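The following exercises ask the reader to work through a structure one step at a time.

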Amino acid sequence: VGPGLATILANFQVFMLAAFGMLILKERPSWRLVVGIPLALAGLFLLVGVDWTALPAGYRLGVIFGLLTAVSYGSYLLALRASQARAGRLEPIPNLMTICFVATVLLAVSVGLEGATLAIPNVRTGLLLAGYGLTAEVVAWLLISHGLPHVEAGRAGLVLLLQPSLAFVWDVLLFHRPTRMSDVAGALLALGAIYLGTRRDK
């Protein structure tokens with residue numbers, strides 16, 4: 001489905017967390033969520049639902065995986081939230097190391113089940129992986145974890161919304177994603193809904 005749509009779908013974790021809060025924690029939903037959820041569904045329909053039956057099987061599977069990513073991402077955030085609420089919680093660096101270790105084990109198991117390999121084929125690929133790991137995973141994660149407590153929730157949500165927004169723009173500009181007006185409208189609706197979902201009532 002490309003990096004743009006995949007990133008938008010992953011950010012639907014906002015609504016997965018909202019559902020958990022309402023169903024499990026018995027939290028009362030805000031008007032923002034009540035408005036945001038149907039907006040998100042409308043945006044998703046415009047992005048992939050209009051021609052769903054005409055889409056290739058691989059594309060449809062990618063959409064499903066993207067939505068499952070949102071569930072996985074939301075579950076990760078819930079686990080992280082619970083661990084950070086405990087007494088004696090880990091500091092950011094040890095926390096990141098623990099997350100990386102667990103992710104590495106899960107990746108190794110997955111690769112083994114698929115009969116693939118973790119071998120890096122060439123120097124260029126190794127350098128790209130190292131650059132991605134250091135910038136997107138380590139530096140960005142530390143900046144977010146240190147910065148979020150000092151920023152208003154609404155502003156933080158708006159800033160973090162740049163990630164799926166720019167991913168969609170780069171997908172169009174760099175990877176020449178075929179884009180219709182309905183795609184643009186759907187992306188804007190979904191992003192607006194995600195933003196509403198991240199805001200908190202004062």
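A residue is called buried when its relative accessible area is under 20%, exposed when that area is over 50%, and partly exposed in between. The model shown here is predicted.

**Exercise 1. Classify Val 184 by its accessibility, and locate Val 184 in the chain.**

Step 1. Val 184 belongs to helix H9, which covers residues 181-198.

Step 2. The relative accessibility of Val 184 is 31%, so Val 184 counts as partly exposed.

Step 3. Along the chain, Val 184 and Gly 43 are 141 residues apart, yet 9.2 Å separates their C-alpha atoms.

**Exercise 2. Apply the reasoning of the previous exercise to Ser 165.**

Step 1. Ser 165 is part of helix H8, residues 162-174.

Step 2. Because its relative accessible area is 22%, Ser 165 is partly exposed.

**Exercise 3. Describe the chain as a whole: how many helices and strands does the chain have?**

Step 1. The chain contains nine helices and zero strands. In sequence order the pattern reads α-α-α-α-α-α-α-α-α.

Step 2. Of the 202 residues in the chain, 26% are buried.

Step 3. The chain exposes about 13,200 Å², of which carbon and sulfur atoms supply 72%.

Step 4. Among contacts with a separation of 6 or more, 77% are between residues 24 or more positions apart.

**Exercise 4. Examine helix H3: what is its span, and where do its buried residues lie?**

Step 1. H3 runs over residues 31-49 and has 19 residues. From first C-alpha to last, H3 reaches 26 Å, close to the 27 Å expected at 1.5 Å a residue.

Step 2. Arg 32, Leu 33, Gly 36, Ala 40, Gly 43, Leu 44, Leu 47 and Val 48 are the buried residues of H3.

Step 3. Viewed down the axis of H3, these buried residues fall within an arc of 100°, so they line one face of the helix.

**Exercise 5. Find the aromatic pair and place its members in the nonpolar core.**

Step 1. One aromatic pair is found in the whole structure. The ring centres of Phe 12 and Phe 15 are 5.7 Å apart and the planes stand at 75°, so the pair is edge-to-face.

Step 2. Phe 12 and Phe 15 are both buried.

Step 3. The largest nonpolar core has 22 residues, and those touching the most other members include Phe 12, Phe 15, Leu 47 and Ile 194. At least two residues of this core come from each of H1, H2, H3, H4 and H9.

Step 4. Leaving aside residues up to four places away in sequence, Phe 15 touches Leu 33, Gly 36, Ile 37, Ala 40, Ala 193 and Ile 194.

Note on methods. Residues numbered from 1 in each chain as written. Predicted model: local features only at pLDDT ≥ 70, side-chain atom pairs only at ≥ 80, totals over all residues. Heavy atoms only, no water. Helix = DSSP H or I, 4+ residues; strand = E, 2+ residues; numbered from the N terminus. Expected span 1.5 Å × (residues − 1). Buried < 20%, exposed > 50% of the residue type's maximum accessible area, 1.4 Å probe, protein only. Arc of directions from axis to C-beta. Contact = heavy atoms within 4.5 Å. Areas by Shrake-Rupley, 256 points an atom, 1.4 Å probe, with all protein chains shown as cover. Phe/Tyr/Trp six-rings, centres within 6.5 Å; stacked < 30°, edge-to-face > 60°. Core = buried A, V, L, I, M, F, W, Y, C linked by side-chain atoms within 4.5 Å.
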